[in-house]
There are 2 protein chains.
Amino acid sequence: MDTRVEQDTHVFDRAVALKPLATGAGASAAQRFRGRTSADYANMVGPYGGITAAQLLQAVMLHPDRLGDPVSFTGNFAAAVADGQFTIEANPVRTNRSTQHWTVTMTQAGDDGTVAVVSTATVVTALRRETWGATDLSMPSAPAVDAIRHMPRIPSPAWLARYDMRWFRGAMPREWNDQESPDSVTAMWVRDEPPRPLDYPSLLALSDVFYPRVWLRRARTTPIGTVSFTVYFHVDDDTLAACGSRHLLAHAKGQRFFNGYFDQSGDLWSPDGILLATTHQIVYYRD
Amino acid sequence: MDTRVEQDTHVFDRAVALKPLATGAGASAAQRFRGRTSADYANMVGPYGGITAAQLLQAVMLHPDRLGDPVSFTGNFAAAVADGQFTIEANPVRTNRSTQHWTVTMTQAGDDGTVAVVSTATVVTALRRETWGATDLSMPSAPAVDAIRHMPRIPSPAWLARYDMRWFRGAMPREWNDQESPDSVTAMWVRDEPPRPLDYPSLLALSDVFYPRVWLRRARTTPIGTVSFTVYFHVDDDTLAACGSRHLLAHAKGQRFFNGYFDQSGDLWSPDGILLATTHQIVYYRD
């Protein structure tokens with residue numbers, strides 16, 4: 001047993017650590033937090049989008065007035081997050097009997113002291129009750145986790161090493177030769193590296209784990225950036241606990257690529273076949 | 001030719017009409033608008049969600065500082081909109097060279113004068129440039145519009161009469177007999193009634209036109225309410241103009257139904273086979 005992993009804080013928890021700031025005067029329930037970008041999750045420009053999303057959600061998770069668990073998250077990435085400190089404000093704008101609506105804003109101060117918005121999010125949390133249920137989406141068929149090799153270890157960007165990714169469909173092209181792929185589907189087994197028990201912020205972060213569909217489709221790397229990212233959660237604490245730190249099946253496909261923006265839809269499944277989250281995003285791409 | 005339709009304002013335009021309010025002091029670019037619910041789009045409790053979404057987007061469309069056209073919209077329905085006046089504030093929180101990020105809030109004053117948030121939205125607008133493109137989603141096969149009868153005219157709720165809907169798959173169950181359907185797919189031809197040239201707000205409103213997937217799946221009506229609704233736009237002015245006021249093909253399916261919330265994904269196509277919008281929502285349902 002690796003006691004170090006148990007005793008030390010996981011790299012993911014360090015990355016989403018937020019410190020509450022003093023509440024200002026007035027009746028507002030908005031709560032501000034201070035955080036810091038993590039070099040461990042650095043992407044080519046700014047941090048991995050999934051970790052920024054997780055930080056935005058974490059502010060809601062830590063808010064003392066939170067009602068229930070996340071049902072829906074939409075994050076909007078307005079600018080690359082600069083290395084260093086940021087502030088997140090989480091505001092419960094409407095609290096009903098069983099649902100709560102949140103707006104969340106991440107800001108950073110520039111060198112000249114001006115404060116700019118870098119990300120926004122809206123979140124719905126809810127108290128769930130047991131009801132009739134069904135899953136209409138089909139789980140993609142998949143080989144056993146151990147039958148697939150881990151993706152080639154590459155040193156940069158850093159965030160890639162934070163996940164154990166085992167692609168079995170639509171792997172990153174080996175050659176960037178402009179040979180169009182017939183589709184834009186990727187499927188993999190994936191978990192945090194080192195392993196970590198699944199929770200809402202980590203499931204959110206995992207939902208952004210797919211490399212850009214336009215790279216797969218065109219076998220060409222071009223600059224891209226997610227502008228809006230949505231995750232619907234289909235879990236409760238028991239479902240998360242049953243997943244533990246095992247691999248999830250993550251599957252995504254592009255839908256339409258048009259004049260600088262494409263969208264993708266994806267789904268994340270427990271190894272036991274439970275649909276944990278559905279996810280969508282729209283991404284800027286340069287030709 | 002019906003000259004009355006040409007001369008009079010279309011019922012949709014009356015419903016999304018907003019009046020700019022005086023800008024307050026300070027440097028903020030936020031702009032407030034006054035609007036009013038439309039009895040023409042009334043749903044069972046509050047207005048049709050698609051019209052509320054269109055009103056939220058309309059505030060962005062009318063904002064004097066808007067850059068480019070809508071790429072992404074997420075609306076969160078925090079409470080039923082009460083009949084009468086509402087205020088929408090549209091705030092361009094970040095403007096880049098070719099993209100702009102918006103937060104939008106709809107509020108209403110209660111009988112006691114307290115102001116409460118009823119809806120929020122985030123919107124991304126962008127200047128698009130011509131790029132490589134592709135569509136990976138397949139258009140559902142469909143009979144000709146004229147080969148399908150209009151859905152049965154029912155007097156209530158009012159919003160149903162605002163659309164010419166021609167279901168050819170997954171029509172509303174004829175009997176609410178608790179016989180589970182094998183899937184939750186609906187497909188239809190649909191346009192505004194009377195016909196109206198397609199634009200961004202009307203395409204957004206059309207994206208919410210599907211009746212609740214849980215009703216289809218269970219052949220049982222239970223209380224439902226969309227909590228979050230996302231649309232990705234894959235159009236420009238030329239695409240919209242080419243659609244004119246013809247029927248669109250609208251297709252949606254449920255994905256997972258779990259403890260009070262289900263999600264659906266949908267797609268809207270021009271009669272010429274162009275994928276105009278992809279749309280997702282998560283919906284509360286009672287057992």
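In which sense do strand S11 of chain A and strand S7 of chain B pair? In this predicted model, S11 (residues 248–258) of chain A and S7 (residues 134–135) of chain B run antiparallel, paired over two bridges. Strands here are DSSP runs of E with at least two residues, numbered from the N terminus, and two of them pair if DSSP finds at least two bridges between them. Within S7(B), B:Thr135 is the bridge partner of A:Arg256.

Turning to the interface as a whole, 65 residues of chain B are in contact (heavy atoms within 4.5 Å) with 64 residues of chain A. The buried area between the chains, that is, the accessible area (1.4 Å probe) lost on putting the two parts together and summed over both, is about 5600 Å², with carbon and sulfur atoms giving 55%. On the chain B side, the residues that lose the most area to chain A are B:Trp132, B:Asp136 and B:Arg256, together 14% of what that side buries.

B:Asp136 also forms a salt bridge with A:Arg217, with the closest N and O atoms 2.8 Å apart. By the rule used (a side-chain nitrogen of Lys or Arg within 4 Å of a carboxyl oxygen of Asp or Glu), two salt bridges cross the interface. Strand S6 (residues 115–126) of chain B gives the most to the side touching chain A, with seven residues.

Residues are numbered from 1 along each chain as written, and chains are lettered from A in the order written. Local features need pLDDT of at least 70, side-chain atom pairs count only at pLDDT 80 or more, totals for chains, interfaces and linings use all residues, and side-chain values use heavy atoms, without hydrogens and water.

Conventions
Helix = DSSP H or I, 4+ residues; strand = E, 2+ residues; numbered from the N terminus.
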